[in-house]
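Here is a short report for a reader meeting this structure for the first time. Look it over, then read on.

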Amino acid sequence: MSRSISRFFYPLAGAAIIVLIWHYYVVLMQVSIVVLPTPLQVLKSMIDNARILTEEGWVTALECVYGFALSLAIGIPIAVVMTYSRIANQMFYPLLVASQSIPKVAVAPILLIWFGTGIKSKLAMAFVIAFFPVVVDTATGLRSTSPDLLELARSLQCTRLQTFFKIQLPSALPSIFSGAKIAVTLSVIGAVIGEFIGSNEGLGNLLLTANSQLNSPLVWASLTVLSVLGMILYGLVVLAEKLLMPWAADVDLKH
Amino acid sequence: MNGNEKSPKDGPRAQPPFGRVVNITKTFQAGGNTFPAVKDVSFQFRKGDLISLLGPSGCGKTTVLKMMGGLVPSSGGLIELEGRVISAPFPGVGVVFQAPTLMPWRTVLSNVLFPMEVLGKNDARANKRAHEILNLVGLDSFEHAYPRQLSGGMQQRVALCRAIIHEPSILLMDEPFGALDELTRLEMNDLLLDLRRVTGATVLFVTHSISEAIYLSDQVVVFSKRPAVIVKELTIDIPYPRSAKTRFLPQFTEWERQAGVALGLVHQ
């Protein structure tokens, strides 16, 4: 019991200390609200702008979720092809790695031209940023299948599909999830970059607008909502992992 | 092969052996060089026998075992089982590895049933048999546990069940108890003998433990260092059932000494 309490208590206490330091720094140093609002001013702004934050947050959330889903839907098959076709691997893996040296922000204007200012260019941006870890981790997972299990499959004359779906894919699941966890956080960054470059909706857009109006409390409120959004999405992936991989749960969950 | 002896089971006269290995060799290629791993290995065995392949680590005995399962092609020679030439994986082989190699995402029961699932025979009968053999190895109350909730010895017992669920005609075991602690290992030896008595399985058992080989086997094939060449064949005539007392019989010690001499560990 005490362990589960401390699991919540210490992170909250840590956050509380930072918030207190922040608050007293602003108050005692008489920092201007434009430079840095107090936590309370941010909270007040969040309450005052609850509706717009929810609406814009929802737009950004959808961009992230779609971009993330796309990075799985495309990243996992790419990894599968790269793992099972040596030629495809030799042809495209170097390109894939090279593509990652391009600063993603620099791609955003191109995506804007291709997909317009709507949601499409944002989820494309989220996808571009998020899919690489999915590919790499899925490929790693598929390659790390136990050779003994593959031998067992051979001795039972499993078909290639049976071997893939019954052995290799489940073996790779933990790696796929570690890639997905990185991807989901990156998809939030991608969506916001997309909104920065060209959009009239979403939290990134709201943040930019508030900034240009020197409405710092709203800037910080948007940031806070973005961070909460990222944590919720991450939490959902962790939840999916627990549901899809019950065998990896703690030993004391037995029966 | 002419294949003029199609049914080896009937006819008491000149009964061909259940399985035989004739002059098999295996060479590996690396960097333009060829390395012999197994050289001119021949032996034969009867149905229901437990044969140990004993030799130093890395001598190539595992390669012999894999060739017998059709998992590794031989570079020359002949392997025959029940009158059929073995050159590729075939149904009716069960394998146990040094590590339990269970699927962590499947429960104990589901792991055991895996071969039946692949062979398309996962029916009520298979389920009943799975219960029975899990009961036999004392794991019936762990059917719904996941492998990681079990100890190493328990996991290896599950792997044993998985290897015999489809009633294979031959069971290939590659140092299956090598990773276990000594006490668990002794326990597993007796369990294997029990399982063999109940199922009548023919077992090929790779080990580098002299006493384990002698305790378990009808026949011990002793290999040299790489490339694997047979240096001695011992027919262990100690009657079954064997027990802890067996290990203290004078014959047992004598067999151990002979195996030790064959391996070059004991000087005559």
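## Where the chains meet

This is a predicted model. In it, 19 residues of chain B are in contact with 16 residues of chain A. On the chain B side, strand S6 (93-96) and helix H3 (114-118) each supply at least two of the touching residues. By class, that side of chain B has 15 nonpolar, three polar and one charged residues.

## Overall form of chain B

Chain B holds eight helices and 10 strands. Its radius of gyration is 19 Å, close to the 18 Å that the globule rule gives for 268 residues, so chain B is as compact as a globular protein of that length. Along the principal axes, the C-alpha atoms of chain B fill a box of roughly 50 × 50 × 45 Å.

Buried residues make up 41% of the 268 residues in chain B. Take the contacts in chain B between residues at least 6 apart in sequence: 70% of them join residues at least 24 apart.

## Two domains in chain B

How is chain B divided? Domain 1 covers 16-92 + 170-181 + 193-268, and domain 2 covers 99-167. The C-alpha centres of these two domains of chain B lie 26 Å apart.

The contact between them takes 10 residues from domain 1 of chain B and nine residues from domain 2 of chain B. On the domain 1 side, the largest share is three residues, and it comes from helix H6 (residues 182-199) of chain B. That domain 1 side divides into nine nonpolar residues, one polar and no charged.

## Nonpolar cores

In soluble globular proteins, nonpolar side chains tend to be buried together. Which residues have the most contacts inside the largest nonpolar core? They are B:Leu204 and B:Ala259, in a core of 78 residues. Helix H5 (residues 152-164) of chain B gives the most to this core, with six residues. Both domain 1 and domain 2 of chain B give residues to this core, so it lies between them.

B:Ala259 shows what the packing looks like from one position. Leaving out residues up to four places away in sequence, B:Ala259 touches B:Leu54, B:Ile210, B:Ala213, B:Ile214, B:Val220, B:Val222 and B:Leu234.

A second, separate core has 46 residues. Among them are A:Ala108, A:Ile119, A:Ala172 and A:Ile193.

Note on methods:
Residues are numbered from 1 along each chain as its sequence is written. Chains are lettered from A and ligands numbered from 1 in the order in which they are written. This is a predicted model: local features need pLDDT of at least 70, side-chain atom pairs count only at pLDDT 80 or more; totals for chains, interfaces and linings use all residues. Domain bounds come from an automatic or database domain assignment. Two residues are in contact if their C-beta atoms, placed from the backbone, lie within 7 Å. Helices (H or I, at least four residues) and strands (E, at least two) are DSSP runs, numbered from the N terminus. Ala, Val, Leu, Ile, Met, Phe, Trp, Tyr, Cys and Pro count as nonpolar, Asp, Glu, Lys and Arg as charged, and the others, Gly among them, as polar. The radius of gyration is taken over C-alpha atoms; the globule rule is 2.2 Å times the number of residues to the power 0.38. A residue is buried if 20 or more other C-beta atoms lie within 10 Å of its own, exposed if 12 or fewer, and partly exposed in between; C-beta atoms are placed from the backbone. A nonpolar core is a set of buried Ala, Val, Leu, Ile, Met, Phe, Trp, Tyr and Cys residues joined through C-beta atoms within 7 Å.
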